[in-house]
Amino acid sequence: MNNTPPVCNYEGSDYQQAFWEQGGRDYEDRAEAIALKKMLPTSGKLMLELGAGAGRNTPRYEGFERVVLLDYSTTQLAQAQQKLGRSDRYIYVAADIYCLPFLDRSFDSATMIRALHHMADAPKALSQVRNVLQPRAVFILEFANKVNLKSIFRYWLSRQDWNPFTLEPVEFVKLNFDFHPKAIRSWLGELGFSIEKTLAVSHFRIGWLKRIVPAGLLAAMDGLFQPLGALWQFTPSVFMKARVNVESQTGEVSMNVTGLFKCPECGGGNLQEKNDHLLCPTCHARWAVHDGIYDFREKMK
Ligand SMILES: C[S@@+](CC[C@H](N)C(=O)[O-])C[C@H]1O[C@@H](n2cnc3c(N)ncnc32)[C@H](O)[C@@H]1O
């Protein structure tokens, strides 16, 4: 548990309000909704939303019986809870993507939107995701693309020192990374995913254009161009729909909440539900449950 890369901490952040609601990102939000609609399975049992934040995208997973919202920040999860409510349909989990507290093959779908962006060790994060997915499960991954037109022109005009065409991620601000689509494809392939669809998203992320063209119209135009992602990706955001290759072992999706979890300390299952915590019967670690949030970040003292 201690050897995980650093986390970009959103505890106490006003990200949802400042970035989305007051930040002039209506166009991006709508363009992402269109992309998601093109990729999401129409139905499913259990969706894992990684880096769910304040649950901006969660209502878009309407075809799923249950959704697990996972985020490192409990304040983001509390905002999501305020928006979506407490019910059997939503399970709120505070945990590190690098150390997922779920048994292998627990989910039939997962999404990770605007979260890989913060992963200093993206292959390690993706391997965690792969472990908790069922054979044939769908994984929708959004990532920030280093080969976008703006970065290419800036590089050619010598206004940016990093090369957008090389495969390694670029950390342009501390714990904020852009990735090369080829590197993402290669990591997903090595982990046993097949990529079924690639969409180029946010073609029109240009300040003056967003000010003069209504967001709905701009997003609809983006939707028309998104499939070009199958040919090339020069947009700041790229969505990939990947599927876990079939393997011999299959498993059932557990709809029992505690039946999903494993202890991040020892990896043991069968966590026991106590008053305000889950108890690991193997190593006796205790994991807090507070205000409807399962907290697997640090064991209780
Ligand atoms: C840019 S926000 C995106 C939120 C949401 N997916 C959206 O698109 O509105 C990134 C989220 O990832 C979460 N995050 C970053 N690193 C994480 C980690 N290692 N484990 C779990 N969550 C993480 C942050 O707490 C934050 O809520």
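Two strands are taken to pair if DSSP finds at least two bridges between them; helices (H or I, at least four residues) and strands (E, at least two) are DSSP runs, numbered from the N terminus. The structure is a predicted model, in which local features need pLDDT of at least 70 and side-chain atom pairs count only at pLDDT 80 or more, whereas totals for chains, interfaces and linings use all residues. Residues are numbered from 1 along each chain as its sequence is written.

By the pairing criterion, strand β1 (residues 44–50) and strand β2 (residues 64–71) are parallel and share six bridges. Leu-50 lies opposite Leu-70 of β2. Strand β1 also runs parallel to strand β4 (residues 107–112), to which four bridges join it, and Leu-48 stands opposite Ala-110 in β4. A residue is termed buried if 20 or more other C-beta atoms, placed from the backbone, lie within 10 Å of its own, exposed if 12 or fewer do, and partly exposed in between. Strand β1 is largely enclosed by the rest of the structure, because five of its seven residues are buried.

These pairings belong to an open sheet of eleven strands with mixed pairing, in the order β8-β9-β5-β4-β1-β2-β3-β13-β12-β11-β10. Its edge strands, β8 (193–201) and β10 (272–273), each pair on one side only. Strand β5 (residues 133–144) is antiparallel to strand β9 (residues 237–244), with seven bridges between them; Ser-237 in β9 is the bridge partner of Ala-144. Helix α4 (residues 122–131) packs on the sheet and touches β1, β4, β5 and β9, contact being defined by C-beta atoms, placed from the backbone, within 7 Å. The direction of α4 makes about 150 degrees with that of β5, where axes are lines fitted to C-alpha atoms, for helices over the stretch in contact, and angles run from 0 to 180 degrees between N-to-C directions.

Most residues other than glycine have a negative phi. Asn-270, in the loop between β9 and β10, has a positive phi near 55 degrees. His-284, in the loop between β11 (277–279) and β12 (286–290), likewise has a positive phi, near 65 degrees. Asn-270 is partly exposed, with 14 other C-beta atoms within 10 Å, while His-284 counts as exposed, with 11 C-beta neighbours inside 10 Å.

Methods. Contact = placed C-beta atoms within 7 Å.
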